[in-house]
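Biologist: Please take a close look at one part of this model for me. I would like to see how a single contact sits within the whole chain.

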Amino acid sequence: MSENVFFAAFFFPAAAAVLVFFMKYVSAVLQARVRLAQDEAYRAIAAQAVAAPAETAAALAAMGGTLTQMQSRLIALEKILKEVE
């Protein structure tokens with residue numbers, strides 16, 4: 001009987017210690033995965049932030065071209081209207 005008591009007195013605290021260390025290890029792994037996912041999200045946001053000014057510049061250039069065409073057509077229309085007067 002004393003062997004069982006000795007075994008229980010040694011096994012249960014040792015098992016609890018192993019369980020605590022295992023849970024700490026799993027927690028560290030999960031935290032690392034979450035941190036990696038956050039870093040990936042920040043990188044994606046940074047890439048979008050870098051691409052946004054280039055897209056805006058391209059859209060403004062296209063609008064500028066369209067505005068120039070409209071201005072030239074308006075000038076031609078004004079000339080026609082002056083000739084009609």
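**The salt bridge and its helix**

Modeller: Glu-40 forms a salt bridge with Arg-43, and their closest N and O atoms are 3.5 Å apart. Keep in mind that this is a predicted model. The cut-off for such a pair is 4 Å, so the 3.5 Å between Glu-40 and Arg-43 falls within it. A search of the whole structure finds one salt bridge.

Why can these two side chains meet? Glu-40 and Arg-43 are three residues apart in helix 1, so about one helical turn separates them. Next, look at how open each partner is. Glu-40 is partly exposed, with a relative accessible area of 43%. Arg-43 is exposed, at 52%. The line between those two classes is drawn at 50%, so Glu-40 at 43% counts as partly exposed and Arg-43 at 52% counts as exposed.

Now step along the helix. Gln-38 is found in helix 1. Its relative accessibility is 44%, so Gln-38 counts as partly exposed. Ala-46 also lies in helix 1. Ala-46 is partly exposed too, with a relative accessible area of 39%.

Distances show how the chain runs. Gln-38 and Pro-53 are 15 residues apart in sequence, and their C-alpha atoms are 24 Å apart in space. Ala-46 and Phe-7 are 39 residues apart in sequence and 58 Å apart in space, again C-alpha to C-alpha.

Helix 1 itself covers residues 2-84. It has 83 residues, and at 1.5 Å a residue they should span 123 Å. The end C-alpha atoms of helix 1 are 121 Å apart, which agrees. There is a bend, though. Helix 1 bends by about 25° at Ala-51. A proline, Pro-53, follows within four residues.

Another part of the surface is nonpolar. Leu-19, Phe-22, Met-23, Tyr-25, Val-26 and Leu-30 form a patch there. Together these residues have about 630 Å² of accessible area. Take Val-26, one of them. Val-26 is found in helix 1. Val-26 is partly exposed, with a relative accessible area of 33%. Patch residues need over 30%, so Val-26 at 33% passes that cut-off.

Finally, step back to the whole chain. The chain has one helix and zero strands. Its radius of gyration is 37 Å, well over the 12 Å that the globule rule gives for 85 residues, so the chain is more spread out than a compact globule. Along its principal axes, the C-alpha trace spans about 120 × 15 × 5 Å. Buried residues make up 0% of the 85 residues. The chain exposes about 7900 Å², and carbon and sulfur atoms supply 71% of that area.

Definitions and conventions. Residues are numbered from 1 along each chain as its sequence is written. This is a predicted model: local features need pLDDT of at least 70, side-chain atom pairs count only at pLDDT 80 or more; totals for chains, interfaces and linings use all residues. Side-chain values use heavy atoms; hydrogens and water are left out. A salt bridge is a side-chain nitrogen of Lys or Arg within 4 Å of a carboxyl oxygen of Asp or Glu. Helices (H or I, at least four residues) and strands (E, at least two) are DSSP runs, numbered from the N terminus. Buried means under 20% relative accessible area, exposed over 50%, partly exposed in between (1.4 Å probe, protein chains only). Patches are made of residues with over 30% relative accessible area and no salt bridge: like charges are joined within 9 Å, nonpolar side chains (Val, Leu, Ile, Met, Phe, Trp, Tyr) within 5 Å. Accessible areas come from the Shrake-Rupley method with a 1.4 Å probe; for residues, only the protein chains shown count as cover. The expected span of a helix is 1.5 Å times one less than its number of residues. The bend at a residue is the angle between axes fitted to the seven residues ending there and the seven starting there. The radius of gyration is taken over C-alpha atoms; the globule rule is 2.2 Å times the number of residues to the power 0.38.
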